[in-house]
Amino acid sequence: MKCERLDTDVLVVGGGNAALCAAIAARRKGARVLVVEAAPKFYRGGNTRHTRNMRCAHDTATETLTGPYTEEEFWDDLLRVTEGNTDEALAKHMIAASKEMLTWITEQGVRFQPSLGGTLSLGRTNSFFLGGGRAMLNALYLTAEKLGVDVLYDAPVTALEIDGGSFRAAIARIGGRDVRIAAKSLVAAAGGFEANIDWLKEGWGERAENFLIRGTPCNRGDVLKMLLANGVEAIGDPTQCHAVAIDARAPKFDGGIITRLDCVVFGIVVNRHAERFYDEGEDFWPKRYAIWGRLVAAQPDQIAYIIFDAKSLKLFMPSLFPPISADSIGELAHKLDLPVEALETTVGTFNAAVQPGSFDHTVFDDCRTRGLAIEKTHWARRLEDPPFYAYPVRPGITFTYLGTRVDREARMQLAAGGATGNMFSAGEIMAGNVLGKGYAAGVGMTIGSVFGRIAGEGAANHACN
Amino acid sequence: MHATDHLNEADRLMTVCNSCRYCEGLCAVFPAMELRRSFADGDLNYLANLCHACGACYVDCQFSPPHEFQVNVPQTMAKVRTDSYRHYAWPKAFQPMFERNGLAIAIVAALSVAGFILGFALWHDPSVLTGTSGEFYRLMPHNVMAGLFGAVALYALLAIVMGFLNFWRDIGAGSVSAASGLSIWQAVKDVASLRYLDGGGVGCYNADEKPTDNRRLYHHLTFYGFLLCFAATSTGTIYHYVFDWPAPYGWTSLPKLFGIPGGIGLVVGPVGLFLAKLKRQDDLVDKAKFGMETAFLAMMFATGLTGLVLMVLRETSAMGIALAVHLGVVFALFLTMPYGKFVHGFYRFGALMLYAAERKADRPATVPTTAKA
């Protein structure tokens, strides 16, 4: 059987923001560039299609940013969310490079909007893509195509030929056939493994069966696995992933932004035994966003219920599914299939413990409980105004932390020591270098754009010299 | 539940969009939606008429088909919009005109043209149709012409105004004083520039995901062509009655200076829009209303073309026929205006006025309770 063959200067594996930035940057350096994207055209771009903004340092306000955001401030924010789980030199290098990314990415056709609505207060630090992440991707693909970058969709890479730390070729499954693609350099920008339930189980056990995946089913981490198997050094905790609590009625994959719920602070959260298990008023929702996925994952059957009453219904962003409602707590328990008496007791005990205070959900107010095993320390109000509402929630997985170690040139490092010759990686597949833990809005896009561009230019330089 | 399946689907989509909001910078529809948590029929009809069908939100949406959420705002809004034209039309007895609008307009147009030709021939002897004098009013006295067209224009105006008022009440425009001077001025600016047909800046989406600005250009040619032709007719009427200067007019007269570029706009614009329509992705349009939209473009085109032809042929023996055809077309245009795509301009203008008023008041309009399902 004759094997089909292709060859190019730079092979970019993946189709998201990092991949396209790499492809465009490499093409602008004069290299022939081929992008192979595992997903069909509609689903191209992995998690990028669900993103909305990007965080870049800048010294002054711009048309779309309300004030300066210095490198130092960005570094402080990164240090705080990662709790030190970051490669300082690499992170600072990225933050410095982020300053010119807004200009560069705009030159590639990406457009930004003034920060308008929603509950996020990121107008100073983050630039919002006009039309969202898919609009951003569309612009990058249009630019790439105009420049002459070739893109193949539905083309998952099934094998890599790596010889002594040097990339030779990739085998991609295209139209039912294996195609060998030889290239002078490789940019791996194929994302994490959050859609690979079997891999998630290695860290989380059977619980992972009940996880919902917020992005596309294509982020299976196959390329990451191949790279690690070929001697590339790993970075990041393989058992960890970014998990938030999302509506339990969301589809298994790709429910995206509209399944998020930001009403935890307004009510109480109970597990399937109708017991509270954490302080819902600990901090503002954006800051505590990422802890509730983990908390729910630790509960029986990985499910929980946010319960609130009529006075809170309109205080938060609407979401896709309507809340489940009932005229009494007992009826609500019945509808949710929770033990009726237990829920009535939990709510009754909670209500009795609520102290007088003046409610204000925009500050740490003085509404709190006293005398409970698990207190609610802010925004505690009695659940007493019917109708009562509930949202069922499950862990929603956004991304994973395990990746490939890289240097400032985005060149992959070998576990045995030293850098690879012609292998670069960018985006979520190497995000763990910068973001070993936690998350701050828009950092994923910064990592993707900055290291995508660096990787693309490095790959082109290698290929053309 | 809403009055129609299209409204129910629009409600579902607005719930999805309201929980996403990535599109809020693209056009007026999404910020207007964000002011609301639930949607009455009137709200949805307002949003549908605020939509310019640029397609950007479809191309940019992570949930558009084949995603299981099946979010297709431009197509759903197009369906709700065309339903709204029928729903608000006055008098109610003529609402069925919208069912087979293309056919209805074709029949009315054909009958009108034939009527004028026949009328000329009967009024005078058939030879006037082939005369070479270039004098229009030998064929039909000016007062008759003005009377006939004045009557049909007044009827069209009445029907459009009544329909518009139905719409205006249903969307609750009065609750935020949407008829204020500032709102009108803002809407005039938005209409004049087709502000929301730019896909958020790059143009709108037609055959594929590559945006172009063609539709805006052709719409401008059609719209300003129509306005110029309207100005030509109006100045001609003023010349006749105020200054006692009967047609025909010289090349540098106002009716000619308005009419010639206007006629060219009305020929080029609709052709461009029609070709763009043929190439447009099926996903973005309400295919069931292809006939209505095509009939509208055809009437615009025919008005412009017959006007230009008449001008060229006015001193030949073909003048009589050319005049009869042009008058027939214009008569049919006036008669059918309230029952076709022409009304979109008025409803969109009204929606833009309400949008301007809502922005100013920073609250949504309150729709009358009778409009709620």
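Student: How much space lies in the second largest cavity?

Tutor: This is a predicted model, so local features need pLDDT of at least 70 and side-chain atom pairs count only at pLDDT 80 or more, while totals for chains, interfaces and linings use all residues. Residues are numbered from 1 along each chain as its sequence is written, chains are lettered from A and ligands numbered from 1 in the order written, and side-chain values use heavy atoms, without hydrogens or water. A cavity is a set of points on a 1 Å grid over the protein atoms alone where a 1.4 Å probe fits but cannot get out, with lining residues having an atom within 4 Å of a point; its volume is the space filled by probe spheres on points joined across faces, edges and corners. For the second largest cavity, that volume is about 90 Å³.

Student: Which residues lie nearest the centre of the second largest cavity?

Tutor: The lining of this cavity has 14 residues in total. Helices H2 (29–34), H4 and H5 of chain B each give two or more residues to it (helices are DSSP runs of H or I with at least four residues, strands are E runs with at least two, and both are numbered from the N terminus). Nearest the centre of the second largest cavity are B:Cys27, B:Cys51, B:Cys54, B:Gly55 and B:Cys57.

Student: Which helix gives the most to the lining of the largest cavity?

Tutor: The whole structure has four cavities of 30 Å³ or more, and the largest holds about 140 Å³ of space. Its lining has 17 residues, with B:Cys17, B:Cys23, B:Phe30, B:Cys61 and B:Val71 nearest its centre. Two or more lining residues come from each of helix H1 (5–18), helix H4 (56–60) and helix H5 (73–88) of chain B. With three residues, the top contributor is H4(B).

Student: Which residue of chain A meets B:Glu24 in a salt bridge?

Tutor: A salt bridge is a side-chain nitrogen of Lys or Arg within 4 Å of a carboxyl oxygen of Asp or Glu, and the structure holds 38 of them over all chains. B:Glu24 has its partner at 2.8 Å, N to O, and that partner is A:Arg52.

Student: Why does this pair join two chains, and where is A:Arg52?

Tutor: Both B:Glu24 and A:Arg52 are buried (under 20% relative accessible area with a 1.4 Å probe and protein chains only; over 50% is exposed, and in between is partly exposed). B:Glu24 lies in the loop between H1 and H2 of chain B, so the pair joins two chains, with A:Arg52 in the loop between strand E2 (33–36) and strand E3 (53–55) of chain A.

Student: How many residues apart are A:Arg177 and A:Glu4?

Tutor: The side chains of A:Arg177 and A:Glu4 form a salt bridge at 2.7 Å, N to O. This pair links distant parts of chain A, from strand E9 (residues 177–188) to strand E1 (residues 4–13), with a separation of 173 residues.

Student: Which residue forms a cis peptide bond with B:Pro91?

Tutor: B:Pro91 sits in the loop between H5 and H6 of chain B. In another loop, between H4 and H5, lies B:Pro66, and the bond to it from B:Pro65 is cis, with omega near 10 degrees. For B:Pro91 omega is about -10 degrees, and the residue joined to it is B:Trp90.

Student: What is phi of B:Arg21?

Tutor: B:Arg21 lies in the loop between H1 and H2 of chain B, and it is buried, with a relative accessible area of 11%. This residue is not a glycine, yet its phi is positive, near 70 degrees.

Student: How far apart in space are A:His242 and A:Phe399?

Tutor: A:His242 lies in strand E12 (residues 241–247) of chain A and counts as buried at 6% relative accessibility. A:Phe399 is 157 residues away in sequence, but the C-alpha to C-alpha distance is 5.3 Å.

Conventions. On a 1 Å grid over the protein atoms alone, a cavity is a set of points where a 1.4 Å probe fits but cannot get out, and a pocket is an open set with protein on both sides within 12 Å along at least five of seven lines; lining residues have an atom within 4 Å of a point.
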